[in-house]
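The sequence and model are shown first, and the description follows.

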Amino acid sequence: MDRMFDVRLPDYDPNEEKAMLRMTLQNQNLSSLTKAMAFNLQAVLLSEPSRASRQWKEEGLFHLSYSTMLRAGYLTLYGNEGKDYEDVSNQAKDQAHSLEVYNEFYKLDRLLMKAARSSLSAEEKKKFDNIKKDLWKLLSVRKLDCRANQSLWLDCYKQHLVDLGVDEDMQTRAMLLQLWSTQSNAGPAVFWLLLFLLKHPLAMAAVQGEMEKILGSRKHTTGHVREISQEKLDSTPIFGLQGGKDSVMNETLRLTAAPFITREVLRDMCLRLPDCREYCLRKGDRLCLFPYISPQMDPEIYEEPEKFRYNRFLNADGTEKTDFYKGGEKLKYYTMPWGAGINVCIGKFFAVNSIKQCVFLLLRYFDLELKDPKAKIPDFDKERYGFGMLQPEIDVIVRYKLKD
Ligand code: HEM
């Protein structure tokens, strides 16, 4: 927190903070967020003149996915220029401001891994500090206070900082930290998901078929889909059910989510592994798990684990497949993109709804294709192992235009 974002909070209790913020992202609050996300996604995708065109446009798929999700996610959590989502001048201001936030954030994101490992050169460190200053100006709590439609999540977090007695300057720095915690994973997830679909026509056809079933054929509907109800978002076993379970979503995250999961040992204990190895853990030790290697990429659990199989998490009857084995034992945790236990990602349900809405909008309203259908799936940027969703080493160019 300190090394990357210069955030130091007095008497900071992460568990207390997470418990308080978790409720702002669930149940009734989740449905308000999902609705706001639908409007904001449409503002940055379907109403933005540079994107919503009937002329073919070329762009990197990673750039398209990350910028769309970050801009819409930022507007949803941090608020809009004006209350009325339909107001065209508000939309234009939202488009310009969210683009500015994304452009600065993207520059920061390029340097963040080195900053976390304290390996920035003197010149990079200067650049990194200047980008942070620009972002603090954009995200200052004073400016945020003037925004409309702020989420309950933001209200609660700001109040939490006030309760901790943190000054305004530190509150602003915490806003940037939260922008990273909440927005750095969903965009890359949309990128990998779309890329796997574009490279696997059978999977694409299955998802398109499922989408038409729940939203109706586009030929028979007019105008934009304003929002997709939770019930509809939950009735997509091929794409993925609530909580990121099932098929395409689960398979994408199995292959591309590589967080470190760190825990503090609370009491002396002996940890026995199934292969009979034993570790003596002392109270206060820190434990770091890397589920990406196992279970996620373990060939004993998944046949050809490096391959994308869109129906890997589906049974033949279309229900969710949950039986995966290692050493003859059925596994409780067979993939862990969201972490696990009480510290599991608190934004998981909002993330799943948002990813689904973004992919559905892109597939429903745009013709989208790889510029080079033979383009290989790029390697991962290896610096990112341990930090959540992986990013590609190079972008993949796509062509897109609004459907006729
Ligand atoms: C594909 C999208 C996402 C993935 C794969 C993901 C994954 C994770 C993981 C692995 C953790 C750590 C869990 C652990 O320690 O066991 C985490 C924590 C967290 N996630 Fe997510 N997440 C995603 C999207 C989101 C979104 C959209 C939000 C908020 C709106 C969010 C908010 C958080 C927060 C606040 C934490 C706690 C951070 C901390 O401990 O400091 N996440 N997430």
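## Helix 4 and helix 10

Helix 4 and helix 10 cross in the right-handed sense; a crossing is left-handed if the near helix is turned anticlockwise from the far one by less than a right angle, and right-handed if clockwise. The model is predicted: local features need pLDDT of at least 70, side-chain atom pairs count only at pLDDT 80 or more, and totals for chains, interfaces and linings use all residues. Residues are numbered from 1 along each chain as its sequence is written. Helices (H or I, at least four residues) and strands (E, at least two) are DSSP runs, numbered from the N terminus.

The axes of helix 4 (residues 61-78) and helix 10 come within 8 Å and cross at roughly 140°. Axes are lines fitted to C-alpha atoms, for helices over the stretch in contact, and angles run from 0 to 180 degrees between N-to-C directions. That angle makes helix 4 oblique to helix 10 (angles under 35 degrees count as roughly parallel, over 145 as roughly antiparallel, 65 to 115 as roughly perpendicular and the rest as oblique). On the side of helix 4, the contact involves L61, F62, S65, Y66, M69, L70 and G73, which meet A186, G187, P188, V190, F191, L194 and L195 in helix 10. Two residues are in contact if their C-beta atoms, placed from the backbone, lie within 7 Å. By class, the contact of helix 4 with helix 10 holds 11 nonpolar, three polar and no charged residues; Ala, Val, Leu, Ile, Met, Phe, Trp, Tyr, Cys and Pro count as nonpolar, Asp, Glu, Lys and Arg as charged, and the others, Gly among them, as polar.

## Other partners of helix 4

Helix 4 also packs with helix 5 (residues 88-116), at an angle of about 120° and with the axes 9 Å apart. This crossing of helix 4 and helix 5 is right-handed. Helix 4 contributes S67, L70, R71, Y74 and L75 to the contact, and helix 5 contributes D94, S98, L99, V101, Y102 and F105. The residues of this contact divide into seven nonpolar, two polar and two charged.

With helix 3, the axis of helix 4 comes within 8 Å, and the two cross at roughly 130°. Helix 3 and helix 4 are therefore oblique to each other, and their crossing is right-handed. L33, A36, M37, N40, L41, V44 and L45 in helix 3 meet T68, R71, A72, L75 and T76 in helix 4. By class, there are eight nonpolar, three polar and one charged residues in the contact of helix 3 with helix 4.

Three strands form an open sheet in the order 1-11-9, with antiparallel pairing; two strands pair if DSSP finds at least two bridges between them. Strand 1 (57-60) and strand 9 (366-370) stand at the edges, each with a single partner strand, so one side of each has no neighbour in the sheet. The twist averages 30° from one strand to the next. Four antiparallel bridges link strand 1 and strand 11 (residues 397-402), and K57 has Y400 of strand 11 as its bridge partner.

Elsewhere, strand 4 (residues 269-272) and strand 5 (residues 278-281) pair in the antiparallel sense over four bridges. R272 stands opposite E278 in strand 5. The hairpin of these strands has five residues between them, and C276 takes a positive phi near 80° there.

## Surroundings of the ligand

Of the 24 residues around the ligand, T182, N185, G339, C345 and G347 come nearest (a residue is near a molecule or strand if its C-beta atom, placed from the backbone, lies within 6 Å of it). The elements that give two or more residues to this shell include helix 9 (168-183), helix 10 (186-199) and helix 15 (348-365). By class, the shell has 16 nonpolar, seven polar and one charged residues.

## Backbone details

S294 and P295 are joined by a cis peptide bond with omega of about 15°, and P295 lies in helix 14 (residues 292-296). N27 has a positive phi of about 50° although it is not a glycine; its place is in helix 3 (residues 27-45).
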